[in-house]
Amino acid sequence: MTVQLNLNRTYLLLLCLFIFSHITSIAQNITNEISGTIKLDSTWNPKIYLSHIPSFGKMHTMSKSMIIAETNINENGYFHFNTEYLPKEDNLYRIHISKRNASPASLIIGGKDENHFFLVANKNSHIGIMGNKGGMNSVSIDDEQNKIIRRIDDIVEYIDSTNFNESRVKSEFVAKAFNEQIRKIADTCSYPLASLYALHKSKFETDISNNIVFYHNFLNKWSKDDSNYFIEFQKKIPTRKSTISNTLIIGIAIIISFFLGFFLNKALNKNIKVKTKLLKSLSVQERKIFSLLKEGKSNKEISDECNIGLSTVKSHVSNIYSKLNVKSRKEVLDME
């Protein structure tokens, strides 16, 4: 009985070792790569290129220096890129093909001959791609983040095709509705770079002033992402002005205006009281002559109107100047 038990244990141990070894072997055969199948006709060169996109502003620019890898497409349409040399952080890449006899760096934008698509990858990526006879426009990707990228591209392609034969006003309405849908994807997406990709495809620059709070909240959500993509995006969003600071400034301005008005009013009332007091110091005859001075009358005209001698007028005018603390007719005229 003991011998049989030991044999069973030995068999069980060997079975476990075999299973472990088999699983390890399978795991070792799974490499980090971007691979798949692209169905091409004879107009295309059977070679595929991987290029790095350092910023969203360069999505539709192309040069040989941007190409970081190339590989052949075999007779069955299969290709693969090893990703172990890529950065560990997510970056934006472009996969493209070229027409026969065309430059490897040729880029065709729009239409049925568009020869590229974008994806997000890093050194640990294992991404499967399947392309049908429709070319690069019909490519599907099994990676979850890149499925979102493809969904966004499909929406943008639909916007462009819808706008082609429609009136300008209707095209604007359609574009606005779909751009809002893309921004909703950006808001709910759990992948930072795919989320930012969505915003760039939604033509966010035309929407910033209308939805500034949305973009500040978006930056707060991904504040820990310090990639060049987010740094570039952040520069395009105006700095949020503190609501508290604005309220404080408005409050201070109101207080200053109140006190300024209060003191100006007080000074004006004081000035009026002083003038009233000075005018009361004039005699009845001096007040009459003061009124005539305010009308711009000359000494001769005042003499004739008041039926008094010219010398008497001059004496009254001198007394008026002294009591009102003025030195000329002009100052009398300027008094209110």
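**Rings and burial**

Reader: Why does Phe-233 count as buried?
Author: Its relative accessibility is 0%, and buried means under 20% relative accessible area (exposed is over 50%, partly exposed in between; 1.4 Å probe, protein chains only). So Phe-233 is buried. By the way, this is a predicted model, where local features need pLDDT of at least 70, side-chain atom pairs count only at pLDDT 80 or more, and totals for chains, interfaces and linings use all residues. Residues are numbered from 1 along each chain as its sequence is written, and side-chain values use heavy atoms, with hydrogens and water left out.

Reader: How many aromatic pairs are there?
Author: The count is nine. Take Phe-79 and Phe-81: their centres are 6.0 Å apart and their planes at 65°. Rings of Phe, Tyr and Trp (its six-membered ring) pair if their centres lie within 6.5 Å; planes under 30 degrees apart are stacked, over 60 edge-to-face, the rest tilted. So this pair is edge-to-face.

Reader: How do you know that the charged end of Lys-99 sits over the ring of Trp-44?
Author: That charged end is 4.1 Å from the ring centre. The rule asks for NZ of Lys or CZ of Arg within 6 Å of the centre and within 35 degrees of the ring normal, and Lys-99 is listed as sitting over Trp-44.
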